[in-house]
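User: I am new to this structure and would like to be guided through it with a few questions. Could we begin once it is in view?

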Amino acid sequence: MNAKNLALAAVLVLAAACGSDTPADNPAEKKAAEAQQLPADVAELAQPEAPAPGEPATPSAGEEPVATSVTSLEPTGEFVSPSRSEVAPKLPGRVAAVYVDEGSRVGRGQTLLTMETDYAKLDIQRAEADLARTKFAEEDARREFDRKKGLAANDSIPQATFDRAQAAYDQAKSARAGAEAALATAKQRLADSVLRSPMTGVVSERRAEVGEHLGEAGVAFVIVQTAPLRLRFSVPERFLGQVRPGQQVSAKVEPYPGETFSGRIKTVGGVIDPATRTFFAEAEFPNTDGRLRPGLFARVTLAPQVASQQ
């Protein structure tokens, strides 16, 4: 075989090798090859598009898409109070002293206000005197009943006389019980003249002043609970399967930079908002130090593991 024939055979073998991996077998290479044949001013438009920053790259043929992790979720939420109470006196009266102001932090059972107690103390003195009188009357009736009881056993007195003694004794016991109840009522009225906080929280409104007369429906204070505190935020619907009650969350707030507050998911909304395609979640924070306040915005981070218990 001469040199010309050898050269021709080599060219044919090389062409066969290149044909086994043509651009048609790979869409990306085909598109790049077509771009090379286009004019220079439009060749760039035919190049494969790069993914935008922050977006996952389009998976290649045969690759499974990667599921979005809950660790990438950092919604913004707002702290809300789980309870709000309008504190009013049980009985009408005039305000004698006020011990807290708007914005004051208060504990459960702390004294907020006292009413004037002059008449309540007089009622207690009257009830005590009535109780003492009924006690003496009951004792006399008991002695008379015991005496008549002994005489009746010997058939020394008629049955009617014994029955009257027994009835007098029963009435004296009832009178004493009534006097004891009246004294307890008077003491309770005195105790009710002190207005106490029903929860640990903050005084959001003060509506009472010294010397003011408060009726039965007169609200003196509005108390907002702050311990524990709830953090409410919205979550995109694609994370519905990854957010559950009991899951640990952390929050960062602007007033305390560099600090992280820990809580747990308490409630997960069961309805998707059709307008925003989100559902709400609420996390509970102990807030024992009271630094977090209702209305404060926070950046929420959910833990990657999901707890199975609340």
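Analyst: Two strands are taken to pair if DSSP finds at least two bridges between them. Please keep in mind that this is a predicted model.

User: How many bridges join strand β3 and β8, and in which sense do they pair?

Analyst: Strand β3 covers residues 93–98, and G93 stands opposite L214 in β8. The two strands run in the antiparallel sense, and the number of bridges between them is 2.

User: Which strands stand at the edges of the open sheet of 4 strands?

Analyst: The sheet is open, with antiparallel pairing and the order β6-β5-β3-β8. Two of its strands have a single partner strand each, so one side of each is left without a neighbour in the sheet; these edge strands are β6 (194–196) and β8 (213–214).

User: Is E86 buried, partly exposed or exposed?

Analyst: E86 is found in strand β2, residues 84–87, and, leaving aside neighbours within four places in sequence, it is in contact with R207, V219, F221 and V222. Buried means under 20% relative accessible area and exposed means over 50%. The relative accessibility of E86 is 45%, so E86 counts as partly exposed.

User: How many residues does the largest nonpolar core have?

Analyst: Among the residues with the most contacts inside this core are F79, L231 and F285. Strands β10 (229–236), β11 (248–252), β12 (261–268), β13 (278–285) and β14 (297–302) each supply at least two of its residues. A second, separate core of 16 residues includes V95, L112, A208 and A220, while the largest core has 22 residues.

Definitions and conventions: Residues numbered from 1 in each chain as written. Predicted model: local features only at pLDDT ≥ 70, side-chain atom pairs only at ≥ 80, totals over all residues. Heavy atoms only, no water. Buried < 20%, exposed > 50% of the residue type's maximum accessible area, 1.4 Å probe, protein only. Contact = heavy atoms within 4.5 Å. Core = buried A, V, L, I, M, F, W, Y, C linked by side-chain atoms within 4.5 Å.
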